[in-house]
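Please work through the following exercises with the sequence and the structure at hand. Each task is followed by a solution in steps.

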Amino acid sequence: MASSTPDGFDVLVVGAGPAGMAAAVRAAECGICVGIVDDNAAVGGQIWRKSAEEDVTEDAKSWADCLKARQVTVLGGMHVFDQPEPGILLAESSDNRSVLHYEKLVLATGARERFLPFPGWTLPNVIGAGGLQAMVKCRLPIRGKRVVVAGTGPLLLAVAAYLKAHGAEILKICEQASWLTLLRFATSLLTQPAKIWQGIQLSQQLGGIPFLTSSWVAAAHGDKMLEAVTITSGSETETIDCDYLACGFHLVPNIELPILLGCEISDGFVQVNDLQETNVSGVFCAGEPTGIGGVELALVEGQIAGLAAASRIAEARHLFGKREGFRRFARSLQRAFRLRPELRMLAGPETIVCRCEDVMYAQLCPYTSWRSAKLQTRCGMGPCQGRVCGAATEFLFNWSLDSARPPVFPARVESLVAVRDIKQQDPQKIS
Amino acid sequence: MRNEIALKVNGTHIVVPPGATVAVAVALAGQVCRKSASGAPRGPLCGMGICFECRVAINGQPHCRSCQAFCEEGMDVRTNG
């Protein structure tokens, strides 16, 4: 039975999306003490974000029920900002902070949308595709609003369908990938009936909305707020009046915490072995940080990580075959929604790249690395800590964000003082 | 269960449905969340607590991400937009 003190966990999971929930449930099934911590108040992550008006999907509900049934300790509304020493994470909420002790750790930190700078992208109501969906789930009135959906990735279609179902007028969907690459992607799904079914449902929901391929946003216009967007196919352009631009360029993994913990990163993703364990012993990683693959892959990886963290290796192995199938899907996703080089040319010299510090594109051009640009221009030095502009400059300039320093998320001074106190309690343990 | 929540955004009373975030209240009040370092208006971008563009002061506490904070009765929200 539970072998840990109340403030310590045999297995601690960071991130309560599908991967984290699956990991926590599987680990907790053997009666050990499991905790799950998430920045959001409710479990479900981004994809299973609960709407104020509707029920979550059956899948989301059943995993949430399992968390309750297995008595997993859910720490909502807390973000992890430091690991003062292995086995201890520090987390902060709006009015509190916690010292979380763990034996094994599962990192299921999910992904965020990639945003690319173009003229006007900082105007209010230019918002991420997933971002606008999240806002609507949180009661933003969208009925009758004119929305252009643009960028790349399967999320665009899901978001367009959601917004349309809630009364939005979707004027256009602009996918930067070509028709041919999308066709190849669709063909690669033929081995996955569930995906085909999702695709058929989506296309029925989206019937009548102009869907443009090889097409992207060139500029957003407005005085104090978005009023119109210009879309282009490279050769032809069109300006459309609208209330919202929902724009995201697929997903980038949240790997800041894994980097802080010393996990090996390759090509922007956390490297794991068959059991989802990283190079740091006892630290596992599952879901989008190991490769963008969607909810099904996240659930399988989460289960493997949870089982492995609880030393149920044989059971974990049973899921390897299933995982491989979903990984094939992840690879075709990556191929299909690769960003076209024209997108590198969208930002003008005066286009803001770093929104926190208002650093313009032209200011960044003289530099050859993320680090030198940071030091000289303050790019990436604001509260988002480069989470937005880092992913953009990775694409624009091929800069890589390869280090993370604590606090890995902005924290209050009282919380940082607490870190010092912990270090002073046992200075021997701190290298 | 209550079917609406009353709060203030920059001193103006506003009523929102349950489950609304502070970011939604700010939008309904016709305000923007903040002014950027160079004075441009900004609103939520990521909608999920990553970008910090939606930060406002809630009940006197500055730098709260309004996209992750749910509205509560009597809340006092201040933007610097």
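The model is predicted: local features need pLDDT of at least 70, side-chain atom pairs count only at pLDDT 80 or more, and totals for chains, interfaces and linings use all residues. Residues are numbered from 1 along each chain as its sequence is written, while chains are lettered from A and ligands numbered from 1 in the order in which they are written.

**Exercise 1. Describe the domains of chain A and the contact between domain 1 and domain 2.**

Step 1. The assignment, which is automatic or taken from a database, divides chain A into domain 1 (8–111 + 253–334), domain 2 (115–249) and domain 3 (342–422).

Step 2. Taken over C-alpha atoms, the centres of domain 1 and domain 2 of chain A are 29 Å apart.

Step 3. Two residues are in contact if their C-beta atoms, placed from the backbone, lie within 7 Å. By this rule, 6 residues of domain 1 of chain A touch 9 residues of domain 2 of chain A.

Step 4. For the classes, Ala, Val, Leu, Ile, Met, Phe, Trp, Tyr, Cys and Pro count as nonpolar, Asp, Glu, Lys and Arg as charged, and the others, Gly among them, as polar. The side of domain 1 of chain A that touches domain 2 of chain A then has 2 nonpolar, 3 polar and 1 charged residues.

**Exercise 2. Characterise chain B as a whole.**

Step 1. Chain B contains 1 helix and 7 strands, in the order β-β-α-β-β-β-β-β from the N terminus.

Step 2. The radius of gyration is taken over C-alpha atoms, and the globule rule is 2.2 Å times the number of residues to the power 0.38. For chain B the radius is 12 Å, close to the 12 Å from the rule for 81 residues, so chain B is as compact as a globular protein of that length.

Step 3. The C-alpha trace of chain B spans about 40 × 25 × 20 Å along its principal axes.

Step 4. A residue is buried if 20 or more other C-beta atoms, placed from the backbone, lie within 10 Å of its own, exposed if 12 or fewer, and partly exposed in between. Of the 81 residues of chain B, 51% count as buried.

**Exercise 3. In which order do the strands of the open sheet of chain B lie?**

Step 1. Two strands pair if DSSP finds at least two bridges between them. Strand β1 (residues 5–9) and strand β2 (residues 12–16) of chain B pair in the antiparallel sense over 5 bridges. Across this pair, Ile5(B) stands opposite Val16(B), and Lys8(B) has His13(B) as its bridge partner.

Step 2. The hairpin of β1(B) and β2(B) has 2 residues between the strands, and Asn10(B) takes a positive phi near 50° there.

Step 3. β1(B) also pairs with strand β7 (residues 76–78) of chain B, in the parallel sense over 2 bridges; here Val9(B) stands opposite Val77(B).

Step 4. The order is β2-β1-β7-β5-β6 (chain B), with mixed pairing. Each of β2 and β6 (61–65) of chain B stands at an edge with a single partner strand, so one side of each lacks a neighbour in the sheet.

**Exercise 4. Is Arg139(A) buried or exposed, and where does Arg139(A) lie?**

Step 1. Most residues other than glycine have a negative phi, and most peptide bonds are trans.

Step 2. Arg139(A), although not a glycine, has a positive phi of about 80°. Its place is the loop between α3 and β9 (146–152) of chain A.

Step 3. Arg139(A) counts as buried, because 23 C-beta neighbours are inside 10 Å.

Step 4. Pro407(A) is in the loop between α13 (389–397) and α14 (413–425) of chain A.

How values were computed:
Helices (H or I, at least four residues) and strands (E, at least two) are DSSP runs, numbered from the N terminus.
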